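Q: Please take me through this model. I want to know what lies behind each term you use.
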Protein chains: 2
Amino acid sequence: MKLIVQKYGGSSVADVARIERVAKRIVARKRRGFRLVVVVSALGDTTDELIALARKICPEPEEREMDMLLSTGEQVSVALLAMAIHRLGEKAVSFTGPQVGIITDQFHTKARILDINTERIRKALGQGNIVIVAGFQGKTLGGEITTLGRGGSDLTAVALAKVLKAKACEIYTDVDGIYTADPRICPDARKLDQVSYDEILELASLGAKVMHSRSVEVGKKFNVPIRVLHSRRNGEGTLITKENRKMEEVVVSGVALNEEEAKVTIFKVPDRPGVAAKVFKRLADANINVDMIIQNKTETKSTDLSFTVSKSDLPKTLRVVREAARAVGAAHVGCDENIAKVSVVGVGMRSHSGVASKTFGALAKRKINIEMISTSEIKISCVVDGKKGKEAVRAIHKEFGLGKK
Amino acid sequence: MKLIVQKYGGSSVADVARIERVAKRIVARKRRGFRLVVVVSALGDTTDELIALARKICPEPEEREMDMLLSTGEQVSVALLAMAIHRLGEKAVSFTGPQVGIITDQFHTKARILDINTERIRKALGQGNIVIVAGFQGKTLGGEITTLGRGGSDLTAVALAKVLKAKACEIYTDVDGIYTADPRICPDARKLDQVSYDEILELASLGAKVMHSRSVEVGKKFNVPIRVLHSRRNGEGTLITKENRKMEEVVVSGVALNEEEAKVTIFKVPDRPGVAAKVFKRLADANINVDMIIQNKTETKSTDLSFTVSKSDLPKTLRVVREAARAVGAAHVGCDENIAKVSVVGVGMRSHSGVASKTFGALAKRKINIEMISTSEIKISCVVDGKKGKEAVRAIHKEFGLGKK
């Protein structure tokens, strides 16, 4: 019998009615002849509520105790889901992460899975059970409870699919799958039947609401086929898998928009080796994630250096960068919050030329000015005026014929 | 340094303000030079809320899954209490029952503690921590999560006090201690400074709101001194300990009232061996707890057999007893819900005569008729008209001079 790992997120089990619906879906699948391991997140907003409760008691709670607290959320879910399955007449047994031997490192609230001992799951499956596992959690070798951070339940599911050699890992969410663009921006956006791990990693803003990139990376590393599906509707969803010939025939898979970044420019940076390194070391030390970096030498003795950061990091970034600019002898620092980053992604780009010119052409036709450009093997990102971001997505989406036929 | 085990019930940690108050009390105690192991129950009504949630999903949830669900309640409490203690600048570490090695049998929802591995607690204490342990829970040798049933957190505390050889086990509640009678009935009831295990077991109705009898039994078995205290007021509370000479000097320790029982009478039971056994076997098989049993042979060929059961068990009891009565050839079955049981308790009774006559005399003076009498070495119980129960308690309380001087 084929083994499937399924994962249901918090919104799929937010109340009794939804838990019962999920139970029905699981039981129906089991009765079609599958062995099932089901990973569940905490009910609805439980995790956020527990965090808020902890903060009332202590503004910066110890991370070990946060894990002790937060891991209860999934434990409630697995017990209730097992009960709902029993009600439907099927055998089910729930386990916490520590119980099924999900061994992690000791970095509380953001632990990494080191190993999974599958003995207990295999035994329970062998006894005919649907096995329900609490997502997001594990334990250290010393028996401390840990959690895996945001997206941790997806990670549990993908990791279990790997060690159990499951036929597939199904991630149930509240969307039908991954689209060529955000349907709120492009009403004719088309659901992708399949997409590669690399593409979904680059399409972060399209995929982020669906799946955390850490889980995709693990899926990629161990070649676990991941299917993203709607938890209440029927449909095939989107299969995230390794590149194949069919994917390569499609030049562009999707267009993503990111309006959450701001652009910072350091003007007249002295043109000598090591200056950029100094600036970005200070940003790294301050734990600020930098996305695009553009340096374009236009004068002989100095250059302008621009980069983008998350808007939420902007105040901290400006403090750090102004200090760094003084230290390296740059002129001054400017910033622009009114930007949008549009990314065109597709593994087919590797073998097809002309994607860049077609992208720039689509923007030019609509008189959208490009402020920054950055490219990777399978992605072209353009920063444009923040007010033009959605229009840019629509223009590119149309140019590459990604919409419904 | 002396080791104390403390236990705080759900109402003591019902909200953030109360958790903080408990944390302050714990920290103050630690700073007076004690090592502390603190057992906590689930916040407020969490356990009842989780039970209600489970019942919505499944009218009779599997007990294994109930334990998985309910054990989260205490886990939330221990994490929050540890955080509140950190906030006050003291080291604390929380553990679940399974983590500290509370090993139980496999009877889910009412497991018994088999063994406690103290290594982890001793290590954490050795590192200067206040150790916070989730009450009410443990695990089987096979790693299944179990709960200990009602009063389980008290049991955890008393058992830990035993294995850790603690100087005392302090049970924090929302009462000052144990009284000579319910102060709502006898306004001059006096708090007892100390009381014996046996007395508190007999004074169930006075002690029940304070401590479950299972924990007292374990305390008695291993001679663990238990002190019942108020969680928000100061005071010495009541010490539950083994009998000592001082206790024996007090003839009567307290007067308890139980208005939750009903009397069932089987009329004209044939007077031959084995009849009573048949009746009570059927009651036991139906899981009905019988309290007082009185049989008084008045005629030659038959006798009337009366006993008391909890009012909540009355409908089931009558069904079972009517059938049994037919089977043994008794005449008919009657019942009386309008009764009250008044109990006079004191280890001093053993060496003092005249307690019974003084008790009966107190009731006679007030023209309170006694319907049933049952006695043990340290207790006399009388069943009287339900409307006269409180008056009977006051009469006896006064007769023995138990009130405040």
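A: Start with strands. Helices (H or I, at least four residues) and strands (E, at least two) are DSSP runs, numbered from the N terminus. Two strands pair if DSSP finds at least two bridges between them. Now an example: A:Val38 has A:Ile132 as its bridge partner in strand 6 of chain A.

Q: Where do these coordinates come from, and how are residues and chains labelled?
A: This is a predicted model; local features need pLDDT of at least 70, side-chain atom pairs count only at pLDDT 80 or more, and totals for chains, interfaces and linings use all residues. Residues are numbered from 1 along each chain as its sequence is written, while chains are lettered from A and ligands numbered from 1 in the order in which they are written.

Q: What is the average pLDDT of chain A, and what are the ipTM and pTM of the complex?
A: pLDDT is the predictor's confidence in each residue, from 0 to 100. Chain A averages 92, and 98% of its residues score at least 70. For the complex, the predictor gives an ipTM of 0.83 and a pTM of 0.85.

Q: How do you know that the copies meet through the same surface?
A: Two residues are in contact if their C-beta atoms, placed from the backbone, lie within 7 Å. Of the interface residues of chain A, 100% are also interface residues in chain B, so the copies meet through the same surface. Chain A gives 27 residues to the contact and chain B gives 27 residues.

Q: What makes up the side of chain A that touches chain B?
A: Helix 1 (16-31), helix 2 (46-57) and helix 3 (63-87) of chain A each supply at least two residues. Helix 3 of chain A has the largest share, 14 residues. For the classes, Ala, Val, Leu, Ile, Met, Phe, Trp, Tyr, Cys and Pro count as nonpolar, Asp, Glu, Lys and Arg as charged, and the others, Gly among them, as polar. This side of chain A has 16 nonpolar, 6 polar and 5 charged residues.

Q: What makes strand 6 of chain A mostly covered?
A: A residue is buried if 20 or more other C-beta atoms lie within 10 Å of its own, exposed if 12 or fewer, and partly exposed in between; C-beta atoms are placed from the backbone. In strand 6 (residues 130-134) of chain A, 5 of its 5 residues are buried. A:Ile130, A:Ile132 and A:Ala134 cover one side, and A:Val131 and A:Val133 the other.

Q: How do you know that strand 6 of chain A pairs with strand 2 and strand 3 of chain A?
A: Count the bridges. Strand 2 (residues 34-40) of chain A pairs with strand 6 of chain A in the parallel sense over 4 bridges. Strand 3 (residues 92-95) of chain A also runs parallel to strand 6 of chain A, joined by 4 bridges. There, A:Ala92 stands opposite A:Ile130.

Q: Which strands pair with strand 18 of chain B?
A: Strand 13 (residues 254-258) of chain B is joined to strand 18 by 5 bridges and runs antiparallel. Strand 20 (residues 379-385) of chain B pairs with strand 18 over 7 bridges, again in the antiparallel sense. In strand 18 (residues 339-345) of chain B, 7 of its 7 residues are buried.

Q: Why is A:Asn287 called exposed?
A: A:Asn287 has 8 other C-beta atoms within 10 Å, so A:Asn287 is exposed. A:Asn287 is found in the loop between helix 10 (275-285) and strand 15 (290-296) of chain A. Its phi is near 65°, a positive value in a residue other than glycine. Most residues other than glycine have a negative phi.
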